[in-house]
Amino acid sequence: MSFASIFERRGLAIVVPLAVLILLLAGLWMIYENEQSYRHEQQRATQVQAEILAASVTAALDFGDRAAAQESADALRANPQVQVAGIYGASGDRFAGYARTQALLPLHFSEARSSNGGLVRATAPVMRSGAKIGTVYLAGAIDPLSRRLARYAMIALLVVMTCLVLAVLGYGQAALGRVNRTLADANRELQFQMKERGRTEEQLREAQKMQALGQLTGGIAHDFNNLLAVIQGSADILQRPGLSEEKRIRFTNAIIEASTRGALLTGQLLAFARRQPLRPEVLDLNHHILTMLAMLQPTLGPNIILSTHLEQALLPAEVDPGQFEAALLNIIVNARDAMPDGGQITIRTRNVTDGEAVERQHAVAVTIEDEGSGIEPDQLKHVFEPFFTTKEVGKGTGLGLSQVYGFAAQSGGEARIDSEVGRGTTLTILLPASDQPLPAAQQVEQPEVAKEPAGHILLVEDNEDVGNLAETLLGELGHIVVRARNGPEALRLAEGGARFDIVFSDVVMPGMTGLELAEKLKQRRPKLPIILTTGYSDRITAAGSQGFPVVRKPYRMETLAIAVNEALATQRRTDERLQF
Amino acid sequence: MARGNLYRIFFGFVLLFAASTLAATAIAQTAPLETQVKAAFLPKFAAYVNWPSGTIAAPNDPFELCIIGRDPFGRELDETAAHQYVDQHPVRVRRIDSTADAEHCQIAFLGGSAKQKPAAMQDALRGKPILTVTDASLGADRGMVHFALKDGRVRFHIDDALAGRNNLAISARLLSLAISVKPRARTS
């Protein structure tokens with residue numbers, strides 16, 4: 001409670017009675033003033049009457065004509081106000097006069113002065129040529145108190161009314177003040193509770209975040225453990241001597257497959273973190289689906305039957321192929337998990353014109369149906385939310401369908417889900433159809449390993465294992481590799497006159513980043529091709545790769561071969577051009 | 001004025017005296033009492049009459065009250081007039097024999113003489129600013145103010161027409177006390 005409000009309240013408590021008091025005093029003063037002026041007026045009127053009478057009886061008194069004097073006095077009888085009119089000679093003896101009440105008319109003038117009663121008295125000398133020859137005495141009645149009070153009743157009534165109004169106002173104001181205080185208290189309480197609630201919600205959010213994080217890490221660990229189990233097991237088998245060629249190929253493929261899925265998983269995580277920009281290409285989705293299914297079928301197990309109903313003249317769509325594959329994989333994995341005893345998964349594609357179309361464009365719909373357990377209606381509206389999962393802790397990340405939703409939305413389309421418990425689930429991805437024609441031929445050819453003459457490559461990588469792998473891969477591709485463990489070392493090598501045609505550098509390194517290294521090298525040798533590689537980089541996402549080609553980790557041998565060969569070819573072309 | 005006859009003059013001390021004395025002595029002494037009243041009245045008229053301005057030349061000149069011819073008042077008048085003033089002029093009583101000496105008189109009591117009757121005196125003073133007073137007990141000739149007894153009291157008639165001719169203005173307050181008033185002719 002502020003000082004001002006206290007003052008206001010105290011002030012009000014004082015002001016109202018004070019105002020009432022002042023009003024009452026003012027009213028009384030007005031009545032008093034009125035009374036005074038009335039008396040004064042009466043006094044003046046009586047005095048004037050007395051003077052008139054004195055003037056008119058001069059001769060009568062002078063010549064001792066009582067009758068004439070009496071007549072003059074009687075003329076005043078017409079005025080009911082005049083109670084006593086006396087004319088006295090020079091000696092003070094009564095000469096003529098009248099009184100409405102006889103007793104009131106004194107015989108001698110000296111008695112007239114002393115006689116009292118509620119009368120207004122006035123005397124006037126009777127003058128003849130400057131000499132006083134007698135006195136006139138008049139006594140006028142004052143209105144009775146009741147009549148005077150009646151005259152002041154209006155003032156009194158007004159004052160009382162105003163006081164009443166003031167009192168009511170004051171009371172109302174006080175009541176309002178009380179209500180206001182109650183309200184203020186309630187408001188404070190409410191604000192306190194809101195703050196408490198905010199704090200609780202913050203705690204809840206924190207707890208939810210931790211829960212989600214736990215779920216996520218658990219899910220990732222589970223998935224990665226599965227993949228690592230496959231890789232480890234396969235590698236163990238491959239180490240056994242006397243392995244048949246058929247087995248060697250099968251287990252090698254299993255390792256490649258598991259690694260691919262691991263890469264997809266990290267890709268998903270990055271996509272979820274919104275750190276991976278989409279790289280849309282115009283795709284024939286049918287072709288991609290068939291390729292994927294061929295690869296997926298063995299991993300799904302014998303109980304799951306994959307079938308397709310693909311539209312023949314499917315419109316092309318411009319989407320990120322990696323993300324599309326990830327979305328498809330996520331849906332199929334979910335479908336499989338929904339059918340622990342096996343069943344059929346049907347994949348359909350069709351062109352969508354009008355009606356269903358996204359923003360009235362032509363669209364392509366990819367539908368995946370399963371015969372699984374279905375999803376409860378109250379859970380259905382949450383399935384696209386990140387970290388929402390119906391699987392046990394450690395069995396799912398809750399990111400799968402979130403990725404599907406994010407991918408569809410980012411591609412300008414949408415994802416829909418329909419489900420019936422016990423009957424199965426249908427998931428539809430609507431993607432806008434592209435006006436662009438398909439690229440002439442999809443590159444499916446095998447990379448021509450070391451087709452070009454071998455080049456000298458400066459490999460910059462701080463991670464020993466990845467460095468060894470890269471060195472092996474590049475060596476397999478027929479290149480000569482010089483290794484540096486960090487940026488400054490690479491710079492020293494470059495300045496030391498080591499010969500190399502290409503720099504292949506990691507981005508995230510302690511001390512100097514790959515980007516900084518690339519900038520410095522570019523200043524020394526502007527035409528030197530530099531290839532960057534990273535699993536994840538804030539800097540690349542934020543600022544871009546500044547024109548340097550980027551190979552994403554984990555990379556396959558083919559990817560590496562293509563990037564290195566392209567760089568070598570470009571350098572040779574510019575060299576040739578320079579030679580001309 | 002017609003209401004002059006409505007008024008009566010009350011003569012208080014006369015009644016008091018009459019009630020307390022014998023009838024014989026009363027007859028012998030009523031004359032001086034009546035005369036006393038008249039003597040008292042004479043200088044009082046001055047207060048109710050306006051003379052033309054410049055009638056009394058100097059500020060210190062006396063106001064002259066003249067008795068022309070017979071004098072019924074004697075010492076009585078001298079006593080009543082002794083300390084009286086009219087507009088700061090002391091009242092002086094002058095006794096003369098004929099109107100010939102009445103040049104400076106303001107009030108003239110026309111007592112009449114063997115040579116000049118009051119009426120003749122009146123005629124002689126015609127046009128002069130002199131208030132003429134006559135007495136019914138001395139004859140029927142009338143001046144501007146004419147003493148008369150009514151109901152045993154001393155009162156007077158007023159001839160305002162005559163006063164008007166002599167350029168005198170008589171106050172209405174005095175006129176209202178008269179037994180009768182002969183109104184002045186309206187001048188247009």
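Helix α10 of chain A (residues 400-410) lies across β10 and β11 of chain A, at about 140° to β10(A). This is a predicted model, in which local features need pLDDT of at least 70, side-chain atom pairs count only at pLDDT 80 or more, and totals for chains, interfaces and linings use all residues. Residues are numbered from 1 along each chain as its sequence is written, while chains are lettered from A and ligands numbered from 1 in the order in which they are written.

**The sheet in chain A**
- Helices (H or I, at least four residues) and strands (E, at least two) are DSSP runs, numbered from the N terminus.
- Five strands make an open, mixed sheet in the order β6-β8-β9-β11-β10; strands pair if DSSP finds at least two bridges between them.
- β6 (304-309) and β10 (414-420) of chain A are at the edges with a single partner strand each, so one side of each has no neighbour in the sheet.
- Inside the sheet, β9 (363-369) and β11 (424-432) of chain A run antiparallel and are joined by seven bridges.
- Across this pair, A:E369 stands opposite A:T426 in β11(A).

**Where the chains touch**
- The contact (C-beta atoms, placed from the backbone, within 7 Å) takes 15 residues from chain B and 12 residues from chain A.
- On the chain B side, α2 (23-44), β3 (85-86) and α6 (172-175) of chain B each give two or more residues.

**One residue's surroundings**
- Beyond its neighbours within four places in sequence, B:I107 contacts B:L42, B:F45, B:A46, B:L65, B:C66, B:L131 and B:V133.

Terms used:
Contact = placed C-beta atoms within 7 Å. Axes fitted to C-alpha atoms, helices over the stretch in contact; angles between N-to-C directions.
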